[in-house]
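Please report on the fold and the charged side-chain contacts of this protein. Keep it brief.

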Amino acid sequence: MPALLDAAEGADLAIFPECMPFYLTGKKTISQECAEDILARFSSEKIAMIAGGYVRQGQEIKNGAFLAKNGSILGRYFKRKIWRGERFTPGDAGVKFEWGKHSCIPLICADAGDNPSPSGTQMMAEALALGAGKNVPIVIPSYGAGLMKPYWHEPLSLWAKGTG
C-alpha cells in the first residue's frame, strides 16, 4: 500500500478496491480495531485513502470502508446492501467523509447497484441530504471489475444524474 500511495502523490484521494487489504476467507476475520490500526499505519500525510473490507465488531462481521490520512482514521462507513449471499451485518446509515477542504459520500459496491429501487431511492435522498453533488462526489470501492458491465450502467447512471 505505501508504494501505491507514493505513486498517487498529487491526488486528492486514493481509493482501494473493496476488501483491500482485507478479505473474508473463512478464517478468523480481524477486528475493526486491528484493521483501523493497520490502515492508520499505512496511511500517508500527503494523500487521503479509502480502504477496508470485512472486519469483526464483537460477534458481528461488517464490510467497512475507512478514510485514513496521516496516521488517523477520519471516517467509517459500513456497507448496507447484501450481494448474492454475502454474510455480514449491514450498516444502517450513510456518511460523509471529510478531510481538509475535500469530502465525498462513500458507498460500497452493491449499495450503488440497488437502484432503481425504493431502498436505492432512499439511499440517494440520504446522500443528497449529506451534500452529494458536483463538489461532493459519490465514491464506490468495489471488489470486482464488473462496474463496466451492462448490469451497472443503469444504477450508476441514476446515481450520477441524481446527484449532479
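The report below covers the sheet, the helix packed on it, and the salt bridges.

This is a predicted model, in which local features need pLDDT of at least 70 and side-chain atom pairs count only at pLDDT 80 or more, while totals for chains, interfaces and linings use all residues. Residues are numbered from 1 along each chain as its sequence is written, and side-chain values use heavy atoms, with hydrogens and water left out.

**Sheet and helix**

An open sheet is built from 4 strands in the order S1-S2-S3-S4, with mixed pairing. Strand S1 (13–15) and strand S4 (72–78) are at the edges; each has a single partner strand, so one side of each lacks a neighbour in the sheet. On average, neighbouring strands are turned by 35° against each other, direction ignored. Strands here are DSSP runs (E, at least two residues), and helices are runs of H or I with at least four, numbered from the N terminus. Two strands pair if DSSP finds at least two bridges between them.

Strands S2 (residues 48–57) and S3 (residues 60–69) run antiparallel and are joined by 9 bridges. Gln-57 has Glu-60 in S3 as its bridge partner. Helix H2 (residues 32–42) packs on the sheet and touches S2, S3 and S4. Contact means heavy atoms within 4.5 Å. The direction of H2 makes about 160° with that of S2. Axes are lines fitted to C-alpha atoms, for helices over the stretch in contact, and angles run from 0 to 180 degrees between N-to-C directions.

**Salt bridges**

The whole structure holds 6 salt bridges. Each is a side-chain nitrogen of Lys or Arg within 4 Å of a carboxyl oxygen of Asp or Glu. The table lists some of them.

| Pair | N to O distance |
|---|---|
| Glu-36 and Arg-76 | 2.7 Å |
| Lys-79 and Glu-86 | 2.9 Å |
| Glu-126 and Arg-80 | 2.6 Å |

Glu-36 and Arg-76 form a salt bridge. This pair links distant parts of the chain: Glu-36 lies in helix H2 and Arg-76 in strand S4, 40 residues apart. Glu-36 is buried at 11% relative accessibility, whereas Arg-76 is partly exposed at 37%. Buried means under 20% relative accessible area, exposed over 50%, and partly exposed in between (1.4 Å probe, protein chains only).

Glu-126 and Arg-80 also meet in a salt bridge. Glu-126 is in helix H4 (residues 118–129), and Arg-80 is in the loop between S4 and strand S5 (97–99), 46 residues apart. Glu-126 is partly exposed at 26%; Arg-80 is buried at 14%.

Lys-79 and Glu-86 are both buried. Together with Glu-18, Lys-79 and Glu-86 are linked in a network of salt bridges.
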